[in-house]
Amino acid sequence: MTVWEKLEILGAAASYDHSCTGTGFKREAPATLEGRKRIPGIYLAHTADGRCLPLLKVLFTNRCRYDCAYCVNRASNDIPRAGFEPRELAGLAMEFYRRGLIRGIFLSSAVFRSADYTMEKMLETARLLRKVYGFRGYLHLKILPGADPELVCQAVRLASRVSANLEFVRRKSLSLLAPGKEKRVLIGALAQARRFKLEEELSTSLTTQVIVGATPETDYDLLRTAENLYRQGLLKRMYFSAYLPANEDPRLPALNARPPLLRERRLYEADWLLRFYGFRYHELVSPGQNLPLKLDPKLAWALRHPEFFPVELKTADYRALLRVPGIGPRSARNIIQARKTGVLTEEGLQALGIALKRARYFVTLNGRPLSRAKPETLLRIFLQPEPLPLFT
Ligand code: SF4
């Protein structure tokens, strides 16, 4: 099998993992390499500051000894299998990098023979890239479930980011659908990575991915786990991946089930509120519930809490400003800065980055409301077209 044939198989196989790209999409790479119109495995990753970076996202191998019910690469599936040698993958990635086709590499893998055996190979690839070829770009390495702690440390030393996928937050779901994996082991790998990163004062970030919609976990369960892991310093970010049916399996939704993409989006919005807006998970969603689909979670919170509003723009502190729909961290800081140096006017608010279309219903300026609409009217304004069963 040629290296390009391997890339075709292993680039496609990596597309299921969102733990570096959010909901990534394929990039039509320029036909600059061996006259090819498309280069398999190159995806765009969305960075926190809104940039899109082309990454080579690939599995080291899709030969797996595990049989996770939801996974296209599971051992019981009859699919084309392939695996790289460290030198051929590192050489290929470096060629893409030198030609400007990629800015980074996301290297994951199925578990061939054992987690340690496969991770050794992945680390050898990473070492070739970093130490032999002088690769300075972004490198994301997956920690395989059950890998030796020493290998986890080596990954943290070589990578810009490492991730260990939790897949499901309830132990029961994990043991039903991924019998070879244990939550305790996966969290242990993240804890090990964090300890080592702190000891060595490295800047490597840690992430995980959970699958949404394949099991009974609610958004409350997912956000509670995310917040706990953030508070323990174990994660920079949790990625949510809407379940995309890949296998016919009685333990899973039907093959024709639609991926819950809107639910995934609401989870990302709520996660953003946990990390940057000072919200707690239980403020956004009740036990046993999912987030509302028709409203973003911040607006939904604001409409459920009329007692908190209006917020006076002239005097409110940073935390209160952040609770206003249409005001984010940057516009909240701008408001506070503008108050120190001049007078706030309604005309000037837009220039501070406030989305007045939303914020006007929740604020006053010098004691004067910017809109007279009542909360009931707001529901009509913000909800299209049916009412929400949320405000109970
Ligand atoms: S260990 Fe990973 S690659 Fe293997 S079946 Fe499970 S999810 Fe798929």
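In what sense do strand 6 and strand 7 pair, and over how many bridges? Strand 6 (residues 161-163) and strand 7 pair in the parallel sense, over 3 bridges; strands count as paired if DSSP finds at least two bridges between them. Helices (H or I, at least four residues) and strands (E, at least two) are DSSP runs, numbered from the N terminus.

The model is a predicted one, in which local features need pLDDT of at least 70 and side-chain atom pairs count only at pLDDT 80 or more, while totals for chains, interfaces and linings use all residues. Residues are numbered from 1 along each chain as its sequence is written, and side-chain values use heavy atoms, with hydrogens and water left out.

From strand 7 the chain passes through helix 7 (residues 219-231) to strand 8, a right-handed β-α-β crossover; right-handed means that, with the strands pointing away from the viewer, the path from the first strand over the helix to the second runs clockwise.

Strand 7 (residues 205-212) is largely enclosed by the rest of the structure, because 8 of its 8 residues are buried. Buried means under 20% relative accessible area, exposed over 50%, and partly exposed in between (1.4 Å probe, protein chains only). Both faces are covered, with S205, T207, Q209 and I211 buried on one side and L206, T208, V210 and V212 on the other.

Helix 10 (residues 297-304) is likewise largely enclosed, because 7 of its 8 residues are buried. These are P297, K298, L299, A300, W301, A302 and L303. At the start of helix 10, a side-chain oxygen of D296 comes to within 3.0 Å of the backbone nitrogen of K298.

D296 and P297 are also in contact (heavy atoms within 4.5 Å) with E269, leaving aside neighbours of E269 within four places in sequence. E269 lies in helix 8 (residues 261-276) and counts as partly exposed because its relative accessibility is 22%. Between E269 and E283 there are 14 residues in sequence and 14 Å in space, C-alpha to C-alpha.

Around the ligand stand C64, Y66, C68, Y70, C71, R74, A110 and K181, each with a heavy atom within 4 Å of it. This shell divides into 6 nonpolar, no polar and 2 charged residues, where Ala, Val, Leu, Ile, Met, Phe, Trp, Tyr, Cys and Pro count as nonpolar, Asp, Glu, Lys and Arg as charged, and the others, Gly among them, as polar.

Definitions and conventions. A polar contact is a pair of N or O atoms within 3.5 Å; within protein, one must be able to donate a hydrogen and the other to accept it, and residues adjacent in sequence count only if both atoms are side-chain atoms.
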